[in-house]
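Please read the following account with the sequence and the coordinates side by side.

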Amino acid sequence: MIARPDPTFHATAELAMQAPVENYGFTVMLSPDGSQSDGIAVVDLNPDSSTYGQIVHQVIVPTKGDEFHHFGWNACSSSLSPLSGHAFLERRYLIVPGIRSSRIYIIDVKDPLKAKIHKTLEPEEIFAKTGYSRPHTIHCGPEGIYVSTLGGGGEDGTDGPPGIFIMDCESFEIIGRYEMDRGAQDKHYDFWWNLPQDYMVSSEWGLPPQYENGVVAEDLLSNKYGHSIHFWDLRKRKNIQTLDLGENHQMALEIRPAHDPKKSYGFCGVVIDTTNLQGAIFTWWRDDDGKWQAKKTITIDPRPTDPEDLPELLKGFSAVPPLVTDIDLSLDDRFLYVACWGLGEMHQYDVSDPMNPVLAGKVELGGIASKTKHPNGKDFVFGPQMVEISRDGERVYWTNSLYSTWDDQFYPDDEGGQMVMARAGKDGGLELDKDFFVEFPKGYRSHQIRLEGGDCSTDSFCYPNV
Amino acid sequence: MTETASVAALWWAVIVSGVYHGVNPGMGWPLSVSAALMSGRARQLPIALAMLAFGHLLAMMAILLPFSMLTILVEKQRALQLAASVIVIAMGLYLLWNRKHPKFLARVHPAKLGLWSFLAAMAHGAGLMLVPIYLGICGTTGVDAGHAAAQNLMTGRILSAVGVAVVHTLAMSISGAIIATVIYYWLGLKFLSKTWFNLDVVWALSLVLVGLIGLYSAH
């Protein structure tokens, strides 16, 4: 029995920022061709340790071809919700879905150096109990673990729309589908919410045939990827409003609501504008009439480039698109980090005024044509991709792979997994740490990062900052 | 023990159980802090506490009033007391056995505090905890009541059920309000997680204990 709330649960985002810093990171190890088993790497993040910046433990699963991508915790600060009246869960298990296999591994990381598989949910069980496939984003919610999926039923995942299902946070039994009324939602990607205000926001990538074997250029140029975000009445499980960002805004991916639940706004990253190759960030908010609105508040221009230096896919455009593939918001809701995976840049925007973001810092690293080296002199494979910020906002970690088949299209000559860290200034500014450079074992790429004790894209807070 | 002393002891039990429910975060005081902070208005704190109290009071009444009817209808008061005690013990044992993280309370809309409080009290058997105490209070007035007209008896029993529910809810609300106010104005939310203890087992055992005392006194 657990007598006290887990010390890593915090009532407010402010309290989480003051908590002790992370000692370990957990990062996906992905075998892009499925020749090896995927796994989770445990990275030592304690600068006083003799193994700082090294992979100190690996949990390699017994199966192959899972394609680990995003993952999350069994429990977070949402456990302090005054509604459940029961704060006694442990932040102990990582829920790691395979988006290619639809298998889910539950990994016990109570002792990070002895992390091990706790339970496996086989794809057949997920198909049978939910009718969904290709599980992706994890958030711990008021009634259990919410898992978004990228595919519906059937062999190619197009039999019915994808959606969200709920798992029990202790037994990891699948409870069932989330949606009672999905409205116009027919594709899925990310989701997040504001628990006290009782709303959820979800986004769209594309259907499995549009991504599993690589980006489908014809679909992209005819604007067939997702370009809407959906607002839900969280507890009524009902889509209350679908907001079309405009069909040229292809692939509305990451949803980052303000962490302070008193605020009713957030951000969404758009990979590419098919009219001009720009990357974009939309700010979404609830207006005085209770309607949801969204406005493009950041645009990032493509960089004209000699077709000689471009992969097949981009030769016709004579430019490198920024490709905004991940965004992350610091816990004080002040800095939004935007990964430009194509350009090879990590941008830091001051979003104190969410309607008028200001570029505050920038790091150049890797990139399709620029191929900027790390300050330690080594090459950076691909570009900055999955980004995670420490709770105190001072360290920004990122890895380099987007998705196996897409990496191969945009970076046909690159191979490898890397994780780096940049230091953020108190009032902005971003600088790579010369000494932090994790190289993944041969044959592995890297993807999402989770930090011990929670980070800036896992925890949902139930009380506003004071 | 004299009759007056035992009546006083039983009423103290009503108050103490109220304080016990009130300080337990599971009965809702964190919701009042959250309501005040989310709205940015301190006056939401007493409003939320009043809604929580209302829900709790209804839950107490929903359990106690049927029992007050039974005390009039059932001839063998001892049998009723025994049966009630067994139900309370059974609820305690059920809560001891079922220790899963509760889900359904989280499905209530955050603004529906009265409903939430009613459901929370029902789910935890908070009303049941009062039943043996209430029957004890009825029992001490039983001798005189035997001579009274049925009408008076009924009114008396209902009034004492209402009395028990009101006194208990007042004690609960005041103790919850004190904690909520201190956290809201002075200590801050850090103390929310610091002072939150898992009372699941203690709570379940209290039900069993109250039931056992009921069994003993009915004997």
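This is a predicted model: local features need pLDDT of at least 70, side-chain atom pairs count only at pLDDT 80 or more; totals for chains, interfaces and linings use all residues.

Helices (DSSP runs of H or I, at least four residues) and strands (DSSP runs of E, at least two) are numbered from the N terminus, and two strands pair if DSSP finds at least two bridges between them. Strand 13 (residues 199-202) of chain A pairs with strand 14 of chain A in the antiparallel sense over four bridges. Strand 14 of chain A also pairs in the antiparallel sense with strand 15 (residues 238-244) of chain A, over six bridges, and here A:W232 stands opposite A:N239. The hairpin of strands 14 and 15 of chain A has four residues between the strands, and A:R237 takes a positive phi near 60° in it. Strand 14 (residues 228-233) of chain A is mostly covered, since five of its six residues are buried; a residue is buried if 20 or more other C-beta atoms lie within 10 Å of its own, exposed if 12 or fewer, and partly exposed in between, with C-beta atoms placed from the backbone.

Further along chain A, strand 23 (residues 335-340) has six of its six residues buried, so it is largely enclosed by the rest of the structure. Both faces of strand 23 of chain A are covered, with A:F335, A:Y337 and A:A339 on one side and A:L336, A:V338 and A:C340 on the other. Strand 22 (residues 324-329) of chain A runs antiparallel to strand 23 of chain A and is joined to it by five bridges, and A:L329 has A:L336 as its bridge partner. These two strands form a hairpin with five residues between them, where A:D333 in the turn has a positive phi of about 60°. Strand 24 (residues 345-350) of chain A is likewise antiparallel to strand 23 of chain A, with six bridges between them, and A:H347 is the bridge partner of A:V338. In the hairpin of strands 23 and 24 of chain A, which has four residues between the strands, A:G344 takes a positive phi near 85°.

An open sheet of four strands in chain A has the order 16-17-18-19, with antiparallel pairing. Strand 16 (249-257) and strand 19 (292-300) of chain A stand at its edges, each with a single partner strand, so one side of each is left without a neighbour in the sheet. Strand 18 (residues 279-286) of chain A pairs with strand 19 of chain A over eight bridges, and A:T283 stands opposite A:K295.

Taken as a whole, chain A holds six helices and 30 strands, and 57% of its 466 residues count as buried. A compact globule of 466 residues would have a radius of gyration near 23 Å, and chain A has 20 Å, which agrees; the radius is taken over C-alpha atoms, and the globule rule is 2.2 Å times the number of residues to the power 0.38.

Chain A also meets chain B, in a contact that takes 33 residues from chain A and 28 residues from chain B; two residues are in contact if their C-beta atoms, placed from the backbone, lie within 7 Å. Helix 2 of chain B gives the largest share of the side of chain B that touches chain A, five residues. That side divides into 17 nonpolar, seven polar and four charged residues, where Ala, Val, Leu, Ile, Met, Phe, Trp, Tyr, Cys and Pro count as nonpolar, Asp, Glu, Lys and Arg as charged, and the others, Gly among them, as polar.

Within chain B, B:S160 lies in helix 8 (residues 150-187) and is partly exposed, with 17 other C-beta atoms within 10 Å. Not counting residues up to four places away in sequence, B:S160 touches B:I137 and B:C138.

Notes: Residues are numbered from 1 along each chain as its sequence is written. Chains are lettered from A and ligands numbered from 1 in the order in which they are written.
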